[in-house]
Amino acid sequence: EMEAGKPGWCDSLNNLPGIFGSSVAETFELKRLALFLKSSLGRSGISADFKIAFPYELADLLIELDKLLAKTGNFDYWEASSAAKERYRKKVWSGLDGREKYISIDEIRSILNKALLKVERGLRAAQDRKAGLPHTYFINEVRKYRFIYERGKRKLNKDGLPLVRALSFGHKPVSFFLEGPMHAMRVVEEGRKAESLYKAVRKSGLFDKDLKMYKLNVPLKGMPFELGRSTIFTPGWLENESIWLHMEYKYMLEVLKKGLYKEFFSDLKDCLVAFQDPARYGRSILENSSFIASSAYPDKAIRGNGFVARLTGSTTEFLNMWLLMCLGKEPFKVSGGKLCFELRPILPRWLFTGKKTETFPKDIFAFCLLGKTLVVYHNPKRLDTFGDRAVRPAAILLKRKGESDLKFTGSRIPSPFAERVRQGHYDRIDVNLS
């Protein structure tokens, strides 16, 4: 439910909340949060009977929701849980009164398990089986209702309109948006399921076959203008069927995180702005755009051009991808109570230099770590750092002017040298891949 009056990330659907809009994006994130809490409780080693203090208002809400989750009817659950939520808000409107209730770890796990079952049922219902994709947004229409009476007369709101109680809803899916599959990729299992979701996106209208990039949405044909400003833009322009870089990069980041490395690097050549044809892109390939006009745009001369309509968030996703590629998922970690630094790059062979030049030797990939230290990967075999024939860090050399070089075997730098790496103590780190 879009109770806050906002449609989530895609603010161009700015009127969706006004027509009882709902979104699976937050539902996927709710699933991710529940799984995170379950995992964290499991890793904590806390006994099942250990009790955690909650504000009593919140504890009451949790206990009531726990009972309601046993209900099977979707409408009954929605109505009862909404009423419980409104009572909770009324209680805490002026703040918490300070009393506490205790809930055990075992009870919390039980609530999370029931919540996950409920969430999974909702996500399955939102899935388009034919396309193999989740719908991102829904328009919910009140099908049956009854008037609310007060003292024998219909109760009116401040504008003089009658108040009603909904008795049933009908659901109409909005055309596919990339946001749903992006959130789905965050919680899907690695391997076949992630690969299946990726392939479904490629087969759908979300993939621009001519530009080989990912569009914000498929055609909005048949969608009401009441959705928001997306519906008034020419297809391929602004927030209607364009390549909206922030969302495209969000999706690509999740593909990388799910270990679909071959698919990710294949897309990278076409999707990353740095690899665009400057003549087609129409601006410096060293800077991002808000959106790129897709092949849905009527004027062929404009397709592939980048435009800056407003600030874009794509830089954050790009930096995240860059960090994962250069360092791996967890470069700094605590092992045996001490900090260590471990390099697990995710790089394809074609990103390493092919020829020796005056500036760079052959077969290297270099980047700047934390703004201070030059890291140079040496890959004489010119192989990927992932997959069956992957090369891995075999030796690491730490260099600082005025000090003797330090050499470590393998991919890990132990304490206290890991702390010095994080502090930018070293000028250069050379890593031999083998």
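Helix α5 (residues 179-187) packs against helix α7 (residues 245-257) at an angle of about 25°, and their axes lie 9 Å apart. Axes here are lines fitted to C-alpha atoms, for helices over the stretch in contact, with angles running from 0 to 180 degrees between N-to-C directions. α5 and α7 are therefore roughly parallel to each other (angles under 35 degrees count as roughly parallel). The crossing of α5 over α7 is left-handed, in the sense that the near helix is turned anticlockwise from the far one by less than a right angle.

On the α5 side, the contact (heavy atoms within 4.5 Å) is made by E179, M182, M185 and R186. The α7 side brings in M247, K250, Y251, E254 and V255. Sorted by type, the residues of this contact come out as 5 nonpolar, no polar and 4 charged. For this sorting, Ala, Val, Leu, Ile, Met, Phe, Trp, Tyr, Cys and Pro count as nonpolar, Asp, Glu, Lys and Arg as charged, and the others, Gly among them, as polar.

A word on the source: this is a predicted model, in which local features need pLDDT of at least 70 and side-chain atom pairs count only at pLDDT 80 or more, while totals for chains, interfaces and linings use all residues. Residues are numbered from 1 along each chain as its sequence is written, and side-chain values use heavy atoms, with hydrogens and water left out.

Zooming out, the protein has 11 helices and 22 strands; these are DSSP runs numbered from the N terminus, H or I of at least four residues for helices and E of at least two for strands. Its C-alpha trace spans about 90 × 65 × 40 Å along the principal axes. Of the 434 residues, 42% are buried (under 20% relative accessible area, with a 1.4 Å probe and protein chains only). Among contacts with a separation of 6 or more, 67% are between residues 24 or more positions apart.

Turning to the strands, β15, β16 and β21 form an open sheet in that order, with antiparallel pairing; two strands pair if DSSP finds at least two bridges between them. β15 (332-335) and β21 (412-413) are the edge strands, each pairing on one side only. Strand β16 (residues 338-342) is joined to β21 by 2 bridges, and F341 stands opposite I413 in β21.

Finally, G122 sits in helix α4 (residues 105-125).

Note on methods
Parallel < 35°, antiparallel > 145°, perpendicular 65-115°, else oblique. Buried < 20%, exposed > 50% of the residue type's maximum accessible area, 1.4 Å probe, protein only.
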